[in-house]
Protein chains: 2
Amino acid sequence: MANYKCDHQDVFFNLFDVLKIDQIEKYGLDKPSIKEILSEYDKFIENEIYPTRVKSDVEGVKLTETGVKVPEFLHAPTKMFYEMGWFALGLPEDIGGTPVPEAMAAVCRSLNMAANTGWSAYPGLTKSAMNVMRLRGDDFVKSTFIQPIMEGRWGGTMCLTEAGAGSDVGNLKTTAKPIEAKEGWYQIKGTKIFITSGDSDLYENNIHLVLARTPNAPEGTKGISLFLVPREKLDGSGNNDVICSGIEHKMCLHISATAVLNFGENDKCEGYLLGKEFDGMKNMFIMMNEARLDCGMQGEAQANLAYEMSKQYVNERVQFGTEIINHPDVKKMMLKMRAVSRGLRSLMLYTADLFDKAHEDKKWQSYIELLTPICKSYGSEQGFNIAVDAVQAHGGYGYCHEYGIEQFVRDTKIATIYEGTNGIQAIDFVMRKILKDEGKTLGHVVNDIKNAVAKLPQGYEAEKLIFENSLSAAQEAIGHISKCAASKQMNLVLQSCKDFLDLSGHLIVAWRLMESALISDTRLKKSEFEGDQEKHFLETKIVDFKIYTSQYLPIVSAYKDSITNAKEDMTTFNL
Amino acid sequence: MANYKCDHQDVFFNLFDVLKIDQIEKYGLDKPSIKEILSEYDKFIENEIYPTRVKSDVEGVKLTETGVKVPEFLHAPTKMFYEMGWFALGLPEDIGGTPVPEAMAAVCRSLNMAANTGWSAYPGLTKSAMNVMRLRGDDFVKSTFIQPIMEGRWGGTMCLTEAGAGSDVGNLKTTAKPIEAKEGWYQIKGTKIFITSGDSDLYENNIHLVLARTPNAPEGTKGISLFLVPREKLDGSGNNDVICSGIEHKMCLHISATAVLNFGENDKCEGYLLGKEFDGMKNMFIMMNEARLDCGMQGEAQANLAYEMSKQYVNERVQFGTEIINHPDVKKMMLKMRAVSRGLRSLMLYTADLFDKAHEDKKWQSYIELLTPICKSYGSEQGFNIAVDAVQAHGGYGYCHEYGIEQFVRDTKIATIYEGTNGIQAIDFVMRKILKDEGKTLGHVVNDIKNAVAKLPQGYEAEKLIFENSLSAAQEAIGHISKCAASKQMNLVLQSCKDFLDLSGHLIVAWRLMESALISDTRLKKSEFEGDQEKHFLETKIVDFKIYTSQYLPIVSAYKDSITNAKEDMTTFNL
């Protein structure tokens, strides 16, 4: 049975060689410090969290009369996670956090997700919920909620979905009525479903971020406000009329309750307005955008661990008188898995790093906005595909629970659905991030890619050609889509969004791998490495790029063809 | 919650319009009779088998001290299945069967798999095991085993895999020593793993087809012989020293034990030689080839039911003020799902029908051999992809057990692994079915495709062009592979097999959809249909073809590029 493994060398290559996070002055963290912290973090994850992964899947949470119970074996590691200061990593100093570069914090989140995705939702959503409180809360909110959360006593969730309001959040029915003589407080009434980690005894109290409508609110998303709704009353007088009335029996993430939450069934549920009335969607999007990036990272994290475990297996399993890694088709599959897994890592860390860059130059904010749906959709889907490949690499063993491989498939699938389905991401990507932006940001990224292509030295002629063809195909595809949009054939645009997102995902990941290959090529030529082991690693970065380019980029033209071939509005076809 | 549904119209279109099975004289079954039998069969499946599907997943089998127990709710339907004569369908008259056209029998197997894949393994493997007995057994075998199997009292399994012998069957260690003074009987000793439906109380006795080595047998596959090993002694004196010592906890198929079987731990296990000594692999391949086609059908069956259930869901679920089927991206996904699902159906039924044709003309036997790895690999993989799409179409609901949608994903995944992984299929396809055949059969199929393309009437210019490009790409790809083979660069060949199989799968399914579209086009032009409902159906067959061609065929060129781009032997790359 394969062991937990994080490829430190590749992580550090991304952080230092590509992103140079040790040079971000405000953090004052040099390479050795960053390496030491991350190594400690990874040790914690390997020793305390990873051993709970398969057990979490088998045992899962239980719904009892007093709420959702998380198995005992997760309580101690969770407590340690807070006590050792890992939750505080990446948070501002003024609330007791330890600021670190964004990409470094992202590595930590990724390790949480790799080691136990279901568990990672607890601190992950709590942190995102707290960020909304921190950024939009008034003094009462800040002074009341932040500290217990930082101490690991209180958790946080996001409550959007209702039975008739999934993707269509604007259709939600939960209501919030101002309570007289209790400023800022509202009476909340409604039922939310599919609430991830919606209840648990890991925390003394769960603080729900709930979207609801105030009296006479306009219809749709512009009439929605955001409320802080604690499960337990803040004065310690008991339950705030928030009841978990059911949990879903799901494909996976068994350790995180996907809860049905009844707010105010007895008209006694009170919530506090967070941010301004009617700013609910905007403020929830602070949390939502973090959650979307985390979905992509869920794919990236699972892919990388699934790859590492498969690598161990194919190097041990003997068939036909040799370890199966020596069979050409297995080798090819593994090389492809590595290229995608590392490609996703480089995309996720690049995007995380943009949050630091955006403090210096607003231009990078538009990069984040463009890349968010790519990270979410492409990351979750490719991560899922790699998990499926990992099962294949393990043969019959991959299909059995105890090896923990098929769990990757089940754990990863949800990331293509929650926080806005990948179909919704594609529409956001094309309609808002490209067409509404008049292609400006996309143009910047394409220029970045072209600049990188121009830097490819001798020996990369084949890759250069594939890139040039792919860029032309991308241009043709978006040209076609823009033309449809200009002539108001919106159904033609909408039916092409997902293909164009997938096309772009391939190109962007190939670009990130190209940047890594360029750095590696230079270092190899200048002999800037220590020993064979580092030389070998730099060579693998070039292999990743070449494999991804030769094996994955050809599909870019196929996506272009699928888009341009579809000349008719498909809603007019018979089903 | 969506209901079970089989698209009779499409099934009948395949059987009558495409394959004309009512014209196979020897069966003497006209259209109304075939329709009536299949409708009855489907009613049985819908009412008796489908209701056990989700329950089977939740409860699963239990291993007890007296063997594997199947939950009570499956016993009665299984008994009915035999009593109503459904097991006998498609079997020869001389053993009490009811001969029907092969494609018709295939429809029935597909319905079993759609309604409860795990359950379908019991009668499915039993039938395949019995076919080996029927075709290779001596008088003793025929007179002893066939009748109890036909009566549903005895079941059958196939036992190949051992811990060190998965894909590499030739490495197996199980031994068979002749028993003196008991002709034909051998003492069997060894442990088999991953035995599908390897034990159960659905049958009084399980007859295992076991591969083992006789004393002084040559090494590898040519030294393997096949034995019939009953779990219970035939004289009723108790267990034949065959013990199920463990069952796997798997991703799915919980209702079918994946068993560890110990044969002869106490040196008291007796098996009867089936066929000649050392003919074990050849004879097991009778069963194996059936099982491979069934793997493909497992994908086809799950895809079609998953599509039908998704269709119901997207026509009911309202978001943004309209049923989600009206959203262009959902519509496109559904159209693609239908095209693939029906395309797989047409491939599976076409291949099944070839067994009838092969009785008339041996040429068709080579078609079966060429198409078997395509059916197995492409069918299982595309079926899996459609199951994944079905989850996506259902959003969060798709991720929850109770709707039975995510079960399709879990149930289908195993089909890419067992009966020879899809990687093994690809090697079989390229090395044996194409290169060893010197491309003869492939050439025939390509000619068939070209003839169909030539028949495309006005209005199909775009599809014609895409087909011509795809055929050129296929030619280039196999030309490259043949050149590598000719220059003995076998690793380059082996690393390309899977891509070429996938490429071929796309082309062949597109071809089957094209044949259906040609027939539909003619019938529409000649007004050969009754009423709007049939007209509508014929139109959908044209849509399927156009969608598949415009949306899936572009990837054929991408596969060609991936193959020809890979100029280096990947086993030389660092992992």
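## Helix packing and chain contact in a predicted model

In helix 16 of chain A, the residues Val509(A), Ala510(A), Leu513(A), Met514(A), Ser516(A), Ala517(A), Ser520(A), Asp521(A), Arg523(A) and Leu524(A) meet Lys535(A), Leu538(A), Lys541(A), Ile542(A), Asp544(A), Phe545(A), Tyr548(A) and Thr549(A) of helix 17 of chain A. Contact here means that C-beta atoms, placed from the backbone, lie within 7 Å, and helices are DSSP runs (H or I, at least four residues) numbered from the N terminus. The residues of this contact comprise ten nonpolar, three polar and five charged. Ala, Val, Leu, Ile, Met, Phe, Trp, Tyr, Cys and Pro count as nonpolar, Asp, Glu, Lys and Arg as charged, and the others, Gly among them, as polar.

This is a predicted model, in which local features need pLDDT of at least 70 and side-chain atom pairs count only at pLDDT 80 or more, while totals for chains, interfaces and linings use all residues. Residues are numbered from 1 along each chain as its sequence is written, and chains are lettered from A and ligands numbered from 1 in the order in which they are written.

The axes of helix 16 (residues 497-525) and helix 17 (residues 531-551) of chain A come within 8 Å and cross at roughly 145°. Such axes are lines fitted to C-alpha atoms, for helices over the stretch in contact, with angles running from 0 to 180 degrees between N-to-C directions.

Between the chains, the contact takes the following residues.

| Chain | Residues in the contact |
|---|---|
| Chain A | 62 residues |
| Chain B | 62 residues |

On the side of chain B that touches chain A, the residues divide into 26 nonpolar, 23 polar and 13 charged. Because 100% of the interface residues of chain B are also interface residues in chain A, the copies meet through the same surface. Chain B is superposed on chain A by a rotation of 180° with 0.0 Å of shift along its axis (RMSD 0.0 Å). That is the relation of a two-fold axis.

In chain B, eight of the eight residues of helix 11 (residues 406-413) are buried, so this helix is largely enclosed by the rest of the structure. A residue is buried if 20 or more other C-beta atoms lie within 10 Å of its own. The buried residues of helix 11 of chain B pack against partners including helix 10 (363-394) of chain A and helix 5 (102-136) of chain B.

Asn422(A) lies in helix 12 (residues 422-435) of chain A and is buried, with 24 other C-beta atoms within 10 Å.

Note on methods:
Helices (H or I, at least four residues) and strands (E, at least two) are DSSP runs, numbered from the N terminus. A residue is buried if 20 or more other C-beta atoms lie within 10 Å of its own, exposed if 12 or fewer, and partly exposed in between; C-beta atoms are placed from the backbone. Two residues are in contact if their C-beta atoms, placed from the backbone, lie within 7 Å. Copies are superposed by least squares on the C-alpha atoms of residues with pLDDT of at least 70 in both.
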